[in-house]
Amino acid sequence: MNNNSELISQYKEAFPAFRGYMECMSRTLFTGLASLSLAFGGTYVIQHLANKHLPYSRKLHIVVSSVVACGVAYQSRLQALATGVGGQVGVMVLQPWVKWGPQKRTDTSGQLMLQEAVALVSTLPLVSVVTQEVVSLQSLGKRMVFGSGTLERLVNEARANKSISCIFISLDIMKRSQIGELEAAFGIRIMDRYSVVLSIFHQHARTKEARLQVALAELPYIKKRVTYERDKLMVAEREKRLKAALTKLAGIRAQVRANRAKSSLPTIAVVGYTNAGKTSLIHAITQDSRAEGRNQLFATLDVTAHGCRLPCGVEVAFIDTVGFIQDIPTDLVASFKATLEDAIYSDVVVHVRDVSHPDYELQGATVSSTLASLPLPSGTPVITAANKMDLGITRSPEQLADAYVVSATREEGIEELLMAIQNEVLRVTGRKLWKFTLPTGSDQIQWLRGATGLVQEEIDEANPQITHVVAVLTDQELAAFTRNFGVKGKK
Ligand SMILES: Nc1nc2c(ncn2[C@@H]2O[C@H](COP(=O)(O)OP(=O)(O)OP(=O)(O)O)[C@@H](O)[C@H]2O)c(=O)[nH]1
Ligand SMILES: *[C@@H]1O[C@H](CO)[C@@H](O)[C@H](O)[C@H]1NC(C)=O
């Protein structure tokens, strides 16, 4: 019974939350289609002209005109993106906030929650936040969420601004009827926290298991919305099948893990609270002058894996993971963890924290406790990077004792952090630095270059016949080298 792929394709269809996002994206799709038709049209016209007036062969016309037309179309698409015309989903972010009474939250503020909501929705590709607002409420649970006066003002605002094509109301999960009525009032799509978070997970779910988990997580959402008995039965049947598929996959997982361990490319998972600066830090590291940027090798890896060389020459992949958030709706916790599978299988974990954030402790604790609950192989080192130091450090040196204090955007402290990462990568993967003195241009040096990708080489100042080499080798590689050449190295 191999119905996993069938389940996955089914779940793509039955994924209202993601579909909502896709609907918001449709404008983007249209500009894409427009560019494409422009390319075809352009190809035809240029080809026609060239046929009439130029003496080249027909094949060449086709090639040249295609290239030119595609270039033009691509340019116009880029321009559309740059100016925001159609390229982006403009979102109005509304953070409901109860000002008084027993429903008022005391552990955070409306402004902080709004910031988090903005960061959350910005995680989705091509989303741009047009307006954002903390909206005061008297109580939660109103049919239209907001009071009638406030609602009227918001509707007018949203309708007046053509850049707004979607409204994100930062409440956990709203009723079908609520969303329906609000959509009728605003005239555009409404998203709640549940649907935004699901869409993010959908983006980050890479393995079959993660996808199944995300599909499973959506079921309560669908359940809240179906009314007919027949549909309810279908949902129940689907739940049963998803669970069965997941149980089956759990067995395969051990195999996958073993395979990953065998591939020699060390991976470093970068985790952290949303907006802590994971992506910026990866950018800062992989653009480092001592580390090469994107390497061909990684072109086939997922877009969120960034290849680079450590200062010692070992190639590694930095992996961006989904950002942590507070109050993940409980039904989503399992699928959230599933999207972090990259962290589970990586050699080293880097935990990025925003040292300038008032919620530094709470955010760090959220991440740490979640990491602790993941099936991380014991002994996976976790390195803490306290980021955004340029915005002011509000913590005492003791609180930052085991952290590397950095600024990703100003590229400060990155080198020390990278050295720490390198040490852990070498330790965990059983690699060591070895020094050799070898004949310049010899086979031995060639071999070492091949084995480690890159070695430090320095021709002796006094005697150009010999070269001092530093190589990073596993015990097996060292043994093979000694076997082949009979040369011993020094640590
Ligand atoms: N001032 C300052 N801002 C930073 C620094 N690092 C990141 N930022 C800013 O913080 C914001 C979030 O950075 P990202 O790298 O997107 O954060 P992230 O952790 O990948 O966020 P998610 O994808 O939402 O989980 C961006 O506006 C960055 O420009 C820093 O060192 N200093
Ligand atoms: C929409 O609102 C934003 C923020 O207030 C503003 O910058 C933008 O110019 C507005 N766009 C339109 C079309 O009104």
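View 1. The shell around ligand 2 comprises one nonpolar, two polar and one charged residue; here Ala, Val, Leu, Ile, Met, Phe, Trp, Tyr, Cys and Pro count as nonpolar, Asp, Glu, Lys and Arg as charged, and the others, Gly among them, as polar. The model is predicted: local features need pLDDT of at least 70, side-chain atom pairs count only at pLDDT 80 or more, and totals for chains, interfaces and linings use all residues. Residues are numbered from 1 along each chain as its sequence is written, chains are lettered from A and ligands numbered from 1 in the order in which they are written, and side-chain values use heavy atoms, with hydrogens and water left out. V130, N161, K162 and S163 surround ligand 2, a residue being near a molecule if one of its heavy atoms lies within 4 Å of it. The side chain of S163 has an N or O atom 3.4 Å from a nitrogen atom of ligand 2. Of the 370 Å² of accessible area that ligand 2 has on its own, the protein covers 38% (Shrake-Rupley method, 1.4 Å probe).

**View 2. Surroundings of ligand 1.** Among the 17 residues around ligand 1, those that come nearest are T274, K278, T279, S280 and D390. In the side chain of T274, an N or O atom is 2.7 Å from an oxygen atom of ligand 1. A polar side-chain atom of T279 also lies 2.7 Å from an oxygen atom of the ligand, while a nitrogen atom of ligand 1 is 3.0 Å from an N or O atom in the side chain of N387. The protein covers 74% of the 650 Å² of accessible area that ligand 1 has on its own. Helix α11 (residues 278–286) supplies the largest share of this shell, three residues (helices are DSSP runs of H or I, at least four residues; strands are runs of E, at least two). By class, the shell holds four nonpolar, ten polar and three charged residues.

**View 3. The four-stranded sheet.** This open sheet has the strand order β2-β1-β3-β4, with parallel pairing; two strands pair if DSSP finds at least two bridges between them. β2 (127–137) and β4 (189–191) stand at the edges with a single partner strand each, so one side of each lacks a neighbour in the sheet. Strand β3 (residues 166–169) pairs with β4 over three bridges, and M191 in β4 is the bridge partner of F168.

**View 4. A334 in helix α12.** Helix α12 (residues 333–338) contains A334. A334 counts as partly exposed because its relative accessibility is 40%, between the limits for buried (under 20%) and exposed (over 50%). Its C-alpha atom is separated by 8.3 Å from that of V214, 120 residues apart along the chain.

Technical notes. A polar contact is a pair of N or O atoms within 3.5 Å; within protein, one must be able to donate a hydrogen and the other to accept it, and residues adjacent in sequence count only if both atoms are side-chain atoms. Buried means under 20% relative accessible area, exposed over 50%, partly exposed in between (1.4 Å probe, protein chains only).
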